[in-house]
Amino acid sequence: MAYSSRRDSVQPDKGSAAPALSAHGVAQRFGRHLVLRDATFDVLWGTATGLLGANGAGKTTLLRILAGSLSPTRGSISVGGACLDGNPDALRMSTALLAGESYLYDALTATENLRFAVRMTGGDASDSQIAEALDNVGLAYARDRRVRHFSSGMRKRLALARVVAMEPPVLLLDEPYASLDEDATCLVDQVVDRWRAGGRAVVMATHRRERAERVCDHCLYLVDGVALPEYPQSERDGPSRMMEVAP
Amino acid sequence: MSRIFTPKSLGVAAGLTWGVALWVGLAVAPTDHIMGQVQRIMYIHVPAAWSGFLAFFLVFVASIAYLIRRDARLDHLAHAAAEVGVVFMSLAIVLGAVWGKPTWGVWWTWDPRLTSAAVLLAIYLGYLAMRAFTDEPERRARLCAAVGIIGFLDVPLVYLSVLWWRTLHQAPSSPETIARPMLMALWLGVFAFTLMLAFFTTVRYQTAHWEAELELLEVSHV
Amino acid sequence: MSFTRQTLAILEKDLLIEARSRETVTSMVFFAGLVLLILGFALGPDPEAIRRAAPGLLWIAVVFTAVLGLSRAYDAERENRGMEGLFQYPGTRTAIFAGKLIVLLLLLLFVEGVLFVMGGVLYNLGLAAVAFPLAGVAFLATVGLAGIGTLYGALTLNLRAREVLLPLLVFPLVVPVVLGAVSATRLLLFGDPFGELGAWVRLLAAYDIVFTVAPLLAFESVIAD
């Protein structure tokens with residue numbers, strides 16, 4: 001599928017050293033819970049970053065912040081070296097999130113869902129391009145079937161096709177392996193490889209540590225609201241704790 | 001808030017002013033020629049309506065400020081003002097009906113001001129219902145700020161439409177010149193009710209703050 | 001321009017979904033017909049009494065039906081958290097609002113068309129004679145309803161008790177629209193000796209401006225998912 005013009009402004013610039021995304025001191029507070037305390041890291045072009053942590057460690061929260069869906073309580077995000085300053089649009093322009101929820105419309109067919117996503121991203125897709133995208137996730141046979149009748153695995157495949165069709169420079173995957181069979185698991189890995197090979201970037205949150213360490217170039221470990229570059233030995237058995245802050 | 005405006009001092013000031021206003025309204029002001037003693041309801045009815053309206057304006061201002069500053073205290077202020085406003089506006093409407101019965105012979109006429117007040121009351125009861133049905137504090141503050149703003153923007157249009165609906169081609173009845181003590185009682189009442197609004201809102205604001213604290217405590221002990 | 005593209009994409013998507021199921025339109029039309037019938041019972045078999053009250057009856061039916069429809073208009077965005085997905089597309093809040101507003105407007109205008117025909121027959125109103133000015137009044141009234149409806153549908157999208165809350169919030173807000181539309185319809189049907197129609201039309205227009213601009217601003221700063 002061709003890159004859309006909107007995406008061109010945030011295409012990987014291999015000449016520059018600026019990271020695709022960088023988070024600096026990002027904190028997110030829900031009520032009194034500080035889910036993220038001080039997440040500081042870079043996402044580099046041409047790499048896949050794994051995001052590991054126990055349930056409730058803040059992986060989904062961090063991805064939603066990177067998708068521009070949630071603005072952090074504190075801290076800043078830069079896209080391609082430029083700070084956002086409260087305007088999440090640059091973030092939305094350069095990322096797409098495969099979330100726990102599929103964001104699909106049950107009354108529409110697989111093809112119509114993909115076409116809508118591409119149009120909303122500012123691109124244009126021909127019928128053959130959409131057919132190819134569906135074929136890539138093994139859903140060619142269900143092209144004109146309504147999503148209402150899809151199984152959960154089929155929905156997950158279609159959701160993957162949706163974010164891939166949006167052609168984001170930075171692909172955000174939240175637990176991409178959940179409810180997928182072996183074939184589809186390989187599909188996810190292929191997508192990650194494609195993004196990395198194309199000089200783009202991937203951030204993948206998962207609780208499957210071995211898989212992430214094998215597929216990704218490097219991993220971040222979310223512990224106590226901080227993103228650590230190494231697997232924390234002392235925390236090996238302890239669950240991630242929710243922190244309380246003074247009101 | 002500065003030291004002078006503690007709930008206690010506000011309460012004392014409101015109580016004293018209200019005492020004076022009652023004395024002027026009941027003892028000093030003369031009995032109305034046409035309506036008789038019942039006209040004295042005006043000294044509460046009008047100030048209650050005024051302060052109810054002022055409270056809704058406060059909700060509007062606090063809601064806008066919340067959307068700009070995103071400070072939970074501004075949301076507590078909007079909440080407090082809305083509750084006090086609903087109480088005052090209800091009082092004004094009930095008193096209007098009590099006044100209306102001997103004057104017009106019916107509890108309710110579709111008088112433009114009375115009808116607008118009823119619609120306003122309904123708008124802010126909706127606002128409070130919206131608050132009650134939203135659990136997450138930040139989200140509640142955000143969504144209710146919109147309801148508080150949109151609701152107040154409707155006020156002039158509601159008043160105008162009800163006014164035209166009743167009396168498009170006849171001038172609305174204007175109050176005749178009234179005796180000086182009557183006017184004084186009215187102004188004192190307005191002043192006292194404004195102080196009461198400040199007092200109740202401050203107390204309610206404090207309670208809202210504690211409620212929020214409690215909510216957080218409950219959440220963190222699950 | 002991306003705004004137009006996105007607005008059109010949302011419009012097309014929602015119309016396609018509605019064309020597939022026809023659930024919203026069918027239930028709205030059916031509901032409107034029932035309301036007209038029941039209001040007719042309330043005013044008894046005296047045809048003259050019904051005729052006199054008809055402008056009010058028609059618009060009561062419209063407002064009730066509109067609230068029913070707008071709680072359904074966002075159903076598709078709730079299924080798989082579609083609204084959150086919409087907000088992740090670049091630069092779309094205004095486009096989402098505009099798209100949803102136009103969808104609601106078209107839906108309401110269509111249902112009003114059917115409703116006025118049914119009402120004209122049931123209440124014996126010669127609406128055909130004033131069809132064009134009436135359509136203008138209906139359009140002005142509906143823009144305001146759709147503006148309020150688009151915001152409040154989104155506000156209550158993920159709330160519990162949404163179905164109860166929506167009418168509580170919307171009915172008092174649309175009082176000026178009801179009064180304006182009822183009065184204008186009455187003047188159109190039964191004559192306008194004092195030339196009051198213009199005032200009501202201006203009121204409706206003012207309402208439209210306030211309650212498309214303000215909800216749009218509120219939508220941008222308030223709705224997150």
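Which residue takes a positive phi in the hairpin of strand 9 of chain A and strand 10 of chain A? A:Asp224 does, with a phi near 50 degrees, and the hairpin has 2 residues between the strands. Keep in mind that this is a predicted model, where local features need pLDDT of at least 70, side-chain atom pairs count only at pLDDT 80 or more, and totals for chains, interfaces and linings use all residues. Residues are numbered from 1 along each chain as its sequence is written, while chains are lettered from A and ligands numbered from 1 in the order in which they are written. Helices (H or I, at least four residues) and strands (E, at least two) are DSSP runs, numbered from the N terminus.

**Strand 9 of chain A and its partners**
- With 5 of its 6 residues buried, strand 9 (residues 218–223) of chain A is largely enclosed by the rest of the structure. Buried here is 20 or more other C-beta atoms within 10 Å of a residue's own, exposed is 12 or fewer, and partly exposed is in between, with C-beta atoms placed from the backbone.
- Strand 3 (residues 48–52) of chain A pairs with strand 9 of chain A in the parallel sense, over 4 bridges; a pair needs at least two bridges found by DSSP. A:Leu51 has A:Leu220 as its bridge partner there.
- Strand 10 (residues 226–228) of chain A runs antiparallel to strand 9 of chain A, joined by 3 bridges. A:Tyr221 has A:Leu228 as its bridge partner.

**Another set of strands in chain A**
- Strand 1 (residues 21–30) of chain A and strand 4 (residues 74–79) of chain A are antiparallel partners over 5 bridges, and A:Ser22 sits opposite A:Ser78.
- Strand 4 of chain A also pairs with strand 5 (residues 82–83) of chain A, antiparallel over 2 bridges, with A:Val79 opposite A:Ala82.
- The hairpin of strands 4 and 5 of chain A has 2 residues between the strands, and A:Gly80 takes a positive phi near 55 degrees in it.

**The nonpolar core**
- In soluble globular proteins, nonpolar side chains tend to be buried together.
- The largest nonpolar core here has 215 residues. Such a core is a set of buried Ala, Val, Leu, Ile, Met, Phe, Trp, Tyr and Cys residues joined through C-beta atoms within 7 Å.
- Helix 6 (residues 180–220) of chain B gives the largest share of this core, 14 residues.
- Among the residues with the most contacts inside the core are A:Leu160, A:Met204 and B:Val59.
- Leaving aside neighbours within four places in sequence, A:Met204 is in contact (C-beta atoms, placed from the backbone, within 7 Å) with residues including A:Ala48, A:Leu51, A:Pro176 and A:Cys216.

**Chain B**
- Chain B has 6 helices and 0 strands, and its C-alpha atoms fill a box of roughly 65 × 40 × 25 Å along the principal axes.
- Of the 222 residues in chain B, 41% are buried.
- For contacts in chain B with a separation of 6 or more, 81% link residues 24 or more positions apart.
- Mean pLDDT (the predictor's confidence in each residue, from 0 to 100) is 86 for chain B, and 90% of the residues score at least 70.
- Among the elements of chain B, helix 2 (residues 42–69) has the highest mean pLDDT (94) and helix 6 the lowest (86).

**Where chain C touches chain A**
- On this interface, 23 residues of chain C are in contact with 22 residues of chain A.
- Helix 1 of chain C brings the largest share of the chain C side, 9 residues.

Methods:
Two residues are in contact if their C-beta atoms, placed from the backbone, lie within 7 Å.
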